[in-house]
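Subject: A structure for you to explore

Hi,

Here is the structure I promised to pass on to you. Please open it beside this email and follow along as you read.

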Amino acid sequence: MNESQSESELDWVLVLAPFRRDADYIAAFLREQKIGVAAVKVDDDLSQHLGFDPAIIVVTNEALDPNTVAKIAEHLSTQPDWSEVPIIILLERSAPLAAIRSRLQSSWPGSRLLFHMRPIAPLELVNVLQSNLLVRLRQRQVRDAFERERELRLELNHRVKNILASVTSIFQMTKRGAAVDDLAREFTGRLEALSNVHTAVFEAGGEEISLLSIVSLTVAPYKSNDSNRIDFTGPDLAVTREAGTMLALCLHELTTNAIKYGALSLPDGKVKVSWTIAGSKEPVFSIDWTESDGPPVRPPTRQGYGTRYVRSALGALLGTAPTMTFAAAGFQCSAEGPVSRLMPDSKIV
C-alpha cells in the first residue's frame, strides 16, 4: 500500500488501466483532488492491492482480460455480507457495452457495476468517485451498527444469565428452613434489593456506580421518617456493577437482621455504616457496620442465610472473610481488602 492509500481505509481507489498512460493520468488527477489512489498496470500486483481492500475499483475495458476478471471475482467472493464494492468500468465508445456487461455480471454476480464512456470529463469522474466513496462509507457504518447490535445482544445475554444465577442462588439459600410466609417476604425483599442496584447502575450509564449511591439506595426503604436511625459516612468510590450488587445485598441482609433481631428492632436503636480508604501505593478499603442501643446481643446458635451470605460475599469480594462481633453493646461487622478488588483503576469520586 502506498502513502496515499494509508491515509484512510475508506478513501482510496484502485485503478486498473494497462494501456498508454491512462493509469498515471487518472491517478495524478485524483491525488490533486485529495483522493487516495493506487494505479496498477502489472497483473502480478493486482492480488496484493486487492488485499488492501480498495473502496472503489476503476477498470478500463482494456484491463478486462480473463486473469484480471478472475482475480477480481475471487476478491468479491471473499467480501462479507455488508460489503458491495463499487466497480466503475471506463469503456471506449467502440467497445461492445452489452457483451461486456453480460460477461461481467456473469463473472461478478451481484456486484455494483457502473459503466461510463470515455473520454470522461474529470469533474464527472470525481463526482462519480465521491458519491461512491460515500456509498462505501455508508456500508461500513451499517457494518458497525450490526457489530454494535451483536455486542449488545451478547452483553444482554450475559447480564440476564448473571441475574438469573443470582436469583437462583438467593432462592436456594432463602428457602432453607423458612416457612412459606417468611420465604415469600424475604425472597421478595432480596429481589427488590438486587433490582434497585441494577436500576441504579443502568441510570448511571456505565459499568460502575458510586458507593454512596449504593448505600443510600439500600438503606433508604428502612429509614422511614427517622433519618437518624441509620447513619452512613465515607468517601465516595466508583465500584464495578458486580461489586456494587454484592455490597448492596450484604447491606440488605445486615439491615434485615438488625430489624428482626438487632438494633433496629427497638425504637431507639441505631446503625452506623462507615468506610475508609487508607494508603496511597496500594489503597485498602475498610467498611464497618456497628449497631447500638438495641437489645442485648447473644451469639446465634446457628447461622442463618443472611450471616452466611455476608461472610461468603464479603470474603469473595475483598479477599478476606469479615469479622463479626456479637458484643453485648451491639452487633458489629467489619471487612477490608484492596480497593483494586472493588474496581481496577478505582478512583475516589
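Thr307 is buried, with a relative accessible area of 14%. Here buried means under 20% relative accessible area, exposed means over 50%, and partly exposed lies in between (1.4 Å probe, protein chains only). Leaving aside neighbours within four places in sequence, Thr307 is in contact (heavy atoms within 4.5 Å) with Asn257 and Met324.

Before you go further, some ground rules. This is a predicted model, in which local features need pLDDT of at least 70 and side-chain atom pairs count only at pLDDT 80 or more, while totals for chains, interfaces and linings use all residues. Residues are numbered from 1 along each chain as its sequence is written, and side-chain values use heavy atoms, with hydrogens and water left out.

How confident is the prediction?

The predictor gives each residue a confidence called pLDDT, from 0 to 100. The mean pLDDT of the protein chain is 81, and 79% of its residues reach 70 or more. Confidence is lowest in helix H6 (residues 180–204), with a mean of 67, and highest in strand S10 (residues 284–292), at 95. Over residues 1–9 the pLDDT is below 50, and beyond near neighbours in sequence this stretch has 16 contacts in the model.

The overall picture

The protein chain has 9 helices and 12 strands. Of its 349 residues, 41% count as buried. Among the contacts in the protein chain with a separation of 6 or more, 72% are accounted for by residues 24 or more positions apart. Gly51 lies in the loop between helix H2 (43–50) and strand S3 (56–60), and Gly51 is exposed, with a relative accessible area of 54%.

Which residues of helix H1 (residues 22–32) are buried? They are Asp22, Ala23, Ile26, Ala27 and Leu30. These five cover an arc of only 120° around the axis, so they lie on the same side of H1; the arc is that of the directions from the helix axis to the C-beta atoms. An α-helix has 3.6 residues a turn, so residues three or four places apart point the same way. On the face of H1 turned away from the buried side you will find the exposed residues Tyr25 and Glu32.

Just after H1 comes Lys34, with a positive phi of about 65°, although Lys34 is not a glycine. Most residues other than glycine have a negative phi, and most peptide bonds are trans. Lys34 is in the loop between H1 and strand S2 (36–40) and, at 70% relative accessibility, counts as exposed. Asp293 is another non-glycine residue with a positive phi, of about 60°. Asp293 is in the loop between S10 and H9 and counts as partly exposed, at 47% relative accessibility.

Strand S4 (residues 86–91) and strand S5 (residues 112–117) pair in the parallel sense over 6 bridges; two strands pair if DSSP finds at least two bridges between them. Leu90 stands opposite His116 in S5. Together, S4, helix H4 (residues 97–107) and S5 make a right-handed β-α-β unit. Right-handed means that, with the strands pointing away from the viewer, the path from the first strand over the helix to the second runs clockwise.

Then look for Pro119, in the loop between S5 and helix H5 (122–174). The peptide bond from Arg118 to Pro119 is cis, with omega near -5°.

The cysteines

How many disulfides does a search of the whole structure find? The search finds 0, a disulfide being a pair of cysteine sulfur atoms within 2.5 Å. Cys250 is in no disulfide, and the nearest cysteine sulfur, that of Cys333, is 7.9 Å away. Cys250 is buried, with a relative accessible area of 3%. Cys333 also counts as buried, at 4% relative accessibility.

Enjoy looking around!

Best wishes

Note on methods:
Helix = DSSP H or I, 4+ residues; strand = E, 2+ residues; numbered from the N terminus.
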